[in-house]
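Please look over the structure shown below before reading on.

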Amino acid sequence: MDWSAKAQDIRAVVLDVDGVLTDGRIGYGGGSDDEIKFFHVRDGVGIALLRQGGIKVGIITGRCSKANRRRAEELKLDFIVEGQLRKSDALLALCEQLGLQPAHCLYVGDDVIDIGPMRLAGVAVAVGDAAAEAKAAASWVASAPGGRGAVREVAEWLLKAQGRWDQLIAERYGC
């Protein structure tokens, strides 16, 4: 199927965190709030371009984490929904809040917890190193693994499919 046609309807990009915005590893320091996660700078560039293009971007995650909230704040994400094991319910509630249909969302996931919202979304993407079940539920699979530029790849694909990539790059970076 040509997912470029469905890309025209996308108004929001919904991301998982662990395994999508990060490589899925979680480290702990000495204190109770000392959770360590690593986020890829290129994913941040992709998110900035999506937001510049008027697409809402945010996260639905099963975990609650100070690191998640800090990264969401840095990227000026439009929404952050934490502690959600039933992500389908969270996506439906989010869509109602944003005045969108699930078909207007692109969802990026990596594991079985993401299959429900992937099935609801207009376009579902699995990161390159996603679990087989997530890949099977995906509209397409990114070549980059989670936490290593997969979100940047998704942003480029979506904005090119919408015919806005070159203009947004020129406006933001003067190239």
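Is Glu 35 buried or exposed? Glu 35 counts as buried because its relative accessible area is 17%, where buried means under 20% relative accessible area, exposed means over 50%, and partly exposed lies in between, all with a 1.4 Å probe and protein chains only. This is a predicted model, in which local features need pLDDT of at least 70 and side-chain atom pairs count only at pLDDT 80 or more, while totals for chains, interfaces and linings use all residues. Residues are numbered from 1 along each chain as its sequence is written, and side-chain values use heavy atoms, with hydrogens and water left out.

**Glu 35 and its surroundings**

- Glu 35 lies in strand 3, which covers residues 35-36; helices (H or I, at least four residues) and strands (E, at least two) are DSSP runs, numbered from the N terminus.
- The side chains of Glu 35 and Ser 65 are joined by a polar contact of 2.5 Å, a term for a pair of N or O atoms within 3.5 Å, where within protein one must be able to donate a hydrogen and the other to accept it, and where residues adjacent in sequence count only if both atoms are side-chain atoms.
- Leaving out residues up to four places away in sequence, Glu 35 touches Ile 26, Gly 27, Tyr 28, Arg 63, Ser 65 and Ala 67, contact meaning heavy atoms within 4.5 Å.

**Positions listed as "binding site" in UniProt**

- An unreviewed UniProt entry places the feature "binding site" at Asp 16 and Asp 110; although these are spread over 95 residues of sequence, they cluster in space, with a largest C-alpha distance of 7.7 Å.
- UniProt also lists Asp 18 for "binding site", again in an unreviewed entry; such positions are given in the numbering used here, feature names are shortened, and annotations may be inferred rather than shown by experiment.
- Asp 16 is found in the loop between strand 1 and strand 2, and it is buried because its relative accessible area is 4%.
- The side chain of Asp 16 makes a polar contact of 2.8 Å with the side chain of Lys 87, and the residues that Asp 16 touches beyond four places in sequence include Leu 21, Thr 61, Tyr 107, Asp 110 and Asp 114.
- Asp 18 has its place in the loop between strand 1 (12-15) and strand 2 (27-28), where it counts as buried because its relative accessible area is 13%.
- A polar contact of 2.8 Å links the side chain of Asp 18 to that of Lys 37, and among the residues that Asp 18 touches beyond four places in sequence are Gly 24, Ile 26, Arg 63 and Asp 110.
- Asp 110 lies in the loop between strand 6 (105-109) and helix 5 (115-120), and with a relative accessible area of 14% it is buried.
- Among the residues that Asp 110 touches, not counting those up to four places away in sequence, are Asp 16, Asp 18, Gly 19 and Val 127.

**Asp 114**

- Asp 114 is found in the loop between strand 6 and helix 5, and it counts as buried because its relative accessibility is 0%.
- The side chain of Asp 114 makes a polar contact of 2.6 Å with the side chain of Tyr 107.
- With neighbours within four places in sequence left aside, Asp 114 is in contact with Asp 16, Lys 87, Tyr 107 and Gly 109.

- Ala 161 is found in helix 7 (residues 150-161), and it counts as buried at 19% relative accessibility.
- Although Ala 161 and Gln 8 are 153 residues apart along the chain, their C-alpha atoms are separated by 7.3 Å.
- Lys 76, found in the loop between helix 3 and strand 5 (79-81), has a positive phi of about 55° although it is not a glycine.
- Lys 76 counts as exposed because its relative accessibility is 55%.

**The enclosed space**

- The count comes to 1 cavity of 30 Å³ or more, a cavity being a set of points, on a 1 Å grid over the protein atoms alone, where a 1.4 Å probe fits but cannot get out.
- The largest cavity holds about 40 Å³ of space, a volume being the space filled by probe spheres set on the grid points, which are joined across faces, edges and corners.
- Residues lining the largest cavity include Val 17, Phe 39, Asn 68 and Arg 71, lining residues being those with an atom within 4 Å of a point.
- Helix 3 (residues 66-75) gives the most to this lining, with 3 residues.

Methods:
On a 1 Å grid over the protein atoms alone, a cavity is a set of points where a 1.4 Å probe fits but cannot get out, and a pocket is an open set with protein on both sides within 12 Å along at least five of seven lines; lining residues have an atom within 4 Å of a point.
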